[in-house]
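Keep the structure open as you read, and find each element as it is named.

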Amino acid sequence: MAITDQEFQKIKSTIKDFIKEEMVSEEKFDVKHTFEEQLPYLEEKRNKVRSLGLFTPQISKEYGGLGLSLHQLGQIYEILGHTFYGLYVFNCQAPDAGNMEILMDHGSDYQKETFLKPLLNGDIRSCFSMTEPEFAGSNPTMMGTIAKKDGENYVINGHKWFTSSADGASFAIAMVVTDPDNPNPYLRASQIIVPTDTEGFKLIRNISVMGDVGDGWNAHAEIRYENCIVPEKNLLGKAGEGFKIAQDRLGPGRIHHCMRWVGECERMFDMMCNRALTRELAPNKPLATKQTIQNWIAESRAEINASRLMVLDTAKKIDEHGANSAKVEISTIKFYVANVLQSVLDRVLQVHGALGMTDDTPIAFLYRHERAARIYDGADEVHKARVAREILKSYSK
Ligand SMILES: Cc1cc2nc3c(=O)[nH]c(=O)nc-3n(C[C@H](O)[C@H](O)[C@H](O)COP(=O)(O)OP(=O)(O)OC[C@H]3O[C@@H](n4cnc5c(N)ncnc54)[C@H](O)[C@@H]3O)c2cc1C
C-alpha cells in the first residue's frame, strides 16, 4: 500500500533533521581522511538510521524498505545529497542501490538469499564491473571480457577499470561476453555475480582520481579477471540478457544521481550566499554588492530550480508510464543537471577564492569528485545525441 502524503512529509522532515544535525555539522573532507578511518563513525550513524526505521529507503515494502514512489524518493535523495556520506548512511548509495534493484528484479532465490539479503541489511558492499580500459565505454557492445562455459561453471578472463567501490566489496556484478558470435551485439553479454574472494579476481589498484586514490566505498578499482571460475548459478537472469538488465537499472539510477546533485547544488548555493554576504572587499562592501556575484547567485537559483523540476517531472513519468516512455527525459536530465552542478561548483569555488581551493570546506572535495558526473552513466555527448535522435524521429516522416 502506498504511503500517504502526511506519512511522507513526516519521513522527509525526520531525514532533513537527521542530515542537518547528525551529519552536515560533523562532516570531514580532507583527502587524507580515509573511508576506512571513518567506518566506525559511519556505522554509528547507520545504526541511528536503522533505529529510525529509515534504512534502505529506496526499497519496496516487500523487501523491508519504505515503498516510496520515484517522485518521493527523488525528494529524499536531494536531502541526502547535502552531505557526501548521506546516501551511504541510509544504504542507498551507488553502486549498491543499483545492484539491489537488479537482484530484486532478476535474482534467483539462491542469489537473493546469498547476495541481496546482506546487501539490504548493510552488512556487505558490492560493485558493478563493466567498463574496460581498452574499449570505449560509450559503446558497451565492444567488450573484451569473456566468460566461457565449462560444465557447470563460467571461466572469466578480462580487464576492467573504474569498478567503483570494489575495494572491500563482497561481490562484483560483472558484465561479460558469453556469446561473442551472436549477430545481435545486444545479445552477446551477460551479467554474472563474482564473489571478490574467488581465485582469479584480482584487484590491481585503486586508481588515483584527480590526486585522490581513495579507499573502500570511496574508490575506483582496476580489476583483472584471470581464469576466474564462478558457478553457473551466479548468472543473473538468462545468458544474453546483460544489456536488458543493465537498461533496467539506468532509469531510476539517473533520478538518484540527479537528485543527489540537486542536493549538492543547494548546499553549495547556501555556501556561496553566506560567503558573498560575509566576505568584505572594503568596510561594509561585501562581495554580495558586486553584480557579477549577484548574477551567479541568480543564475544558480534559476538553474537549480529548473533541475529539480525537470528531474521530479521525469520521476513522475517513470512512476506512471515506466522508464521506457521517459527515455528522452532521462537523458535530458542526465546531461543538464550534471552541467548545472559543474557551473554551481565552479561559481562557489570562485566566490571563496583561495579558500575554495583548500580542503577546509567541502567545495574542493565535491569539485574533484563530481567532474565525473558528466562522464559516468553515459557521457554528456552520448545523452545529447540520444535526445536529438529521438526528437528528430518525430520530424522525419
Ligand atoms: C568516477 C567514475 C566512476 C565510474 N564508475 C563505474 C562503475 O562503477 N562501473 C563501471 O563499469 N564503470 C564505471 N565508470 C566508467 C564510465 O561508465 C565510463 O567512463 C563511461 O561509460 C565512458 O566510457 P569511457 O571512459 O571509456 O569513455 P569513451 O567511451 O572512450 O568516451 C570518451 C569521450 O568521448 C566522447 N564521446 C563518446 N561517445 C560519443 C558520441 N557518440 N558522440 C560524441 N562524443 C562522444 C565523450 O566526450 C566521452 O567522454 C566510472 C567512471 C568514472 C569517471
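β1 and β4 run parallel, joined by four bridges. Ser126 has Phe171 of β4 as its bridge partner. The model is predicted.

**Strand β4 and its partners**
- β4 also pairs with strand β5 (residues 189–195), this time antiparallel, through seven bridges.
- Ala174 finds its bridge partner in β5, at Ile192.
- How many residues of β4 are buried? Seven of the seven are, so β4 is largely enclosed by the rest of the structure.
- In a regular strand, side chains alternate between the two faces of the sheet.
- Phe171, Ile173, Met175 and Val177 point one way from β4. Ala172, Ala174 and Val176 point the other way. All of them are buried.

**The β2–β3 hairpin**
- Strand β2 (residues 146–150) pairs with β3 in the antiparallel sense, over five bridges.
- Lys149 has Tyr154 of β3 as its bridge partner.
- Two residues lie between the strands of this hairpin. Gly151 takes a positive phi near 65 degrees there.

**Helix α5**
- Helix α5 covers residues 96–106, and eight of its 11 residues are buried, so α5 is largely enclosed by the rest of the structure.
- Its buried residues are Asp96, Ala97, Gly98, Asn99, Met100, Glu101, Ile102 and Leu103.
- What covers them? The cover includes α6 (109–120), β1, β4 (171–177), β8 (235–236) and α7.

**Around the ligand**
- The shell around the ligand has 19 residues, and Met130, Gly137, Ser138, Ser164 and Glu381 come nearest.
- By type, the shell divides into 11 nonpolar, seven polar and one charged residue.
- Domain 2 (126–236) and domain 3 (244–393) each supply at least three residues to the shell.

**Domains**
- The domain assignment gives domain 1 (5–120), domain 2 (126–236) and domain 3 (244–393).
- The centres of domain 2 and domain 3 are 30 Å apart, taken over C-alpha atoms.
- Six residues of domain 2 are in contact with five residues of domain 3.
- On the domain 2 side of this contact, three residues are nonpolar, two are polar and one is charged.

**Arg279**
- Where does Arg279 lie? Look in the loop between α7 (242–278) and β9 (280–282).
- Is Arg279 buried, exposed or partly exposed? Arg279 has 16 other C-beta atoms within 10 Å, so it counts as partly exposed.
- Leaving aside neighbours within four places in sequence, Arg279 is in contact with Pro286 and Leu287.
- Arg279 and His352 are 73 residues apart in sequence. In space, they are 8.6 Å apart, C-alpha to C-alpha.

**The whole chain**
- The protein chain has 12 helices and 10 strands.
- Its radius of gyration is 22 Å, close to the 21 Å that the globule rule gives for 397 residues, so the chain is as compact as a globular protein of that length.
- The C-alpha atoms fill a box of roughly 80 × 60 × 45 Å, taken along the principal axes.
- Of the 397 residues, 42% count as buried.
- Take the contacts between residues at least 6 apart in sequence: 72% of them join residues at least 24 apart.

How values were computed
Residues numbered from 1 in each chain as written. Predicted model: local features only at pLDDT ≥ 70, side-chain atom pairs only at ≥ 80, totals over all residues. Domains from an automatic or database assignment. Contact = placed C-beta atoms within 7 Å. Nonpolar A, V, L, I, M, F, W, Y, C, P; charged D, E, K, R; others polar. Near = placed C-beta within 6 Å. Buried ≥ 20, exposed ≤ 12 C-beta atoms within 10 Å, placed from the backbone. Rg over C-alpha atoms; globule rule 2.2 N^0.38 Å. Pairing = 2+ DSSP bridges.
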